[in-house]
Amino acid sequence: MRIYNFTDNDDVAIVARQGPFQVIEWKRDLSVDYGGAAGAYFASEMNVRRRQVVCTLDGKTGITVQAGAMQWTAGHIQATTGVKGVGDFIGKMARGAVTKESAVKPEYQGIGTLVLEPTYRHILLIDPAQMGGSMTVNDGLFYACASTVRQRAVMVSRPSAMVAGGEGLFNLALEGQGTVALESPVPSSELITVDLENDELKIDGNFAIAWTSGLQFTVERSGKTLIGSAASGEGLVNVYRGVGRVLLAPVSGPTFNINAGTGTV
């Protein structure tokens, strides 16, 4: 099987490779109409471009993706639920309910090519080994992973403060060997890496992309007292303590909305 005018298209650049994944970037959006041309041009100039994850399946390791993320496949590839028995199904349903991720993520197996839906977000390819063997990711960032990567829900410390801070009580943890693809509001070149060695990191806002699961993650007042928190103007902050790594974005999310059908900003 051969695929033409895709990754070999002169309008496509392969911007990252790791494990079974390639990340391609469309340099220009040529599928827009007259009314969307100006917006598409300036979006491209500011590096706001369509990106896609291309997965190569070798018959040995499957690919788990976020529900609804598949765009097309070529080759002998089958989609399964990835559920291994009733107990596993109940566990996945419970994890999905608390992490706000899809409860059952399809797993694709076989030999061929799997292409995911385009996104205007940036794609990060990370191995949990880079984060100490297990990493926890922020809500809504998971996109795909090798099926060798295990998933579980982790609960934050001090859940009462978490509710007060408007955050979720659980996050998705990914562990084991394999590559994970995350959707990020910023490219990897803008990520700030903080390695903690029995240290403490406080973040005012939802800026952490991923962190070592072994870190203690809590939500606390920025000051020791209510008056001190009020005086600082920060209120509640996310706190990470212990030994591990935190990947920190300079912004909490995209500052623009894009209609993928027209390319307008």
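**Figure 1. Val53 in strand E3 of the predicted model**. Strand E3 covers residues 51-58, and Val53 is part of this strand. Val53 counts as buried, because its relative accessibility is 0%. Leu114 is 61 residues away from Val53 in sequence. In space, the distance between Val53 and Leu114 is 8.4 Å, taken from C-alpha to C-alpha.

**Figure 2. Thr136 and its polar contact with Ser213**. Thr136 belongs to strand E8, which is made up of residues 134-137. The relative accessibility of Thr136 is 2%, so Thr136 counts as buried. The contact is made between the side chain of Thr136 and the side chain of Ser213, at 2.9 Å.

**Figure 3. The aromatic pair of Phe6 and Trp26**. Across the whole structure, a search finds six aromatic pairs. In the pair of Phe6 and Trp26, the ring centres are 6.5 Å apart and the planes are at 50°, an arrangement classed as tilted. Phe6 is in the segment before strand E1 (12-18), whereas Trp26 is in strand E2 (residues 21-26), so the pair ties together parts that are 20 residues apart in sequence. Phe6 is buried, with a relative accessible area of 10%. Trp26 also counts as buried, at 14% relative accessibility. Ring pairs join Phe6 and Trp26 with Trp72 in a cluster.

**Figure 4. The aromatic pair of Tyr41 and Phe42**. The ring centres of Tyr41 and Phe42 are 5.1 Å apart. The planes of the two rings are at 80°, so the pair is edge-to-face. Tyr41 counts as partly exposed, with 49% relative accessibility. Phe42 has a relative accessibility of 54% and counts as exposed, because the cut-off for that class is over 50%.

**Figure 5. Charged side chains over aromatic rings**. Arg50 lies over the face of Trp26, and its distance from the ring centre is 5.1 Å. Trp26 is also one of the members of the ring cluster with Phe6 and Trp72. At another site, the charged end of Lys105 is placed over the ring of Phe142. The distance from the charged end of Lys105 to the centre of that ring is 5.3 Å.

**Figure 6. The largest pocket and its lining**. The volume of the largest pocket is about 400 Å³. Its lining consists of 20 residues. Nearest the centre of the pocket are Ile123, Leu124, Leu125, Pro187 and Ser188. At least two lining residues come from each of E1, E2, strand E7 (122-126) and strand E16 (236-248). E7 gives the largest share of the lining, with five residues. Sorted by class, the lining holds 11 nonpolar, six polar and three charged residues.

**Figure 7. Asn5, a residue with positive phi**. The phi angle of Asn5 is near 55°, a positive value in a residue that is not glycine. Asn5 is exposed, and its relative accessible area is 56%.

**Figure 8. Asn47, with positive phi in a loop**. Although Asn47 is not a glycine, its phi is positive, at about 65°. The loop that holds Asn47 runs between helix H1 (37-45) and E3. Asn47 is partly exposed, with a relative accessible area of 31%.

Conventions:
Residues are numbered from 1 along each chain as its sequence is written. This is a predicted model: local features need pLDDT of at least 70, side-chain atom pairs count only at pLDDT 80 or more; totals for chains, interfaces and linings use all residues. Side-chain values use heavy atoms; hydrogens and water are left out. Rings of Phe, Tyr and Trp (its six-membered ring) pair if their centres lie within 6.5 Å; planes under 30 degrees apart count as stacked, over 60 as edge-to-face and the rest as tilted. Helices (H or I, at least four residues) and strands (E, at least two) are DSSP runs, numbered from the N terminus. Buried means under 20% relative accessible area, exposed over 50%, partly exposed in between (1.4 Å probe, protein chains only). A charge sits over a ring if NZ of Lys or CZ of Arg is within 6 Å of the ring centre and within 35 degrees of the ring normal. On a 1 Å grid over the protein atoms alone, a cavity is a set of points where a 1.4 Å probe fits but cannot get out, and a pocket is an open set with protein on both sides within 12 Å along at least five of seven lines; lining residues have an atom within 4 Å of a point. Grid points are joined across faces, edges and corners, and a volume is the space filled by probe spheres set on the points. Ala, Val, Leu, Ile, Met, Phe, Trp, Tyr, Cys and Pro count as nonpolar, Asp, Glu, Lys and Arg as charged, and the others, Gly among them, as polar. A polar contact is a pair of N or O atoms within 3.5 Å; within protein, one must be able to donate a hydrogen and the other to accept it, and residues adjacent in sequence count only if both atoms are side-chain atoms.
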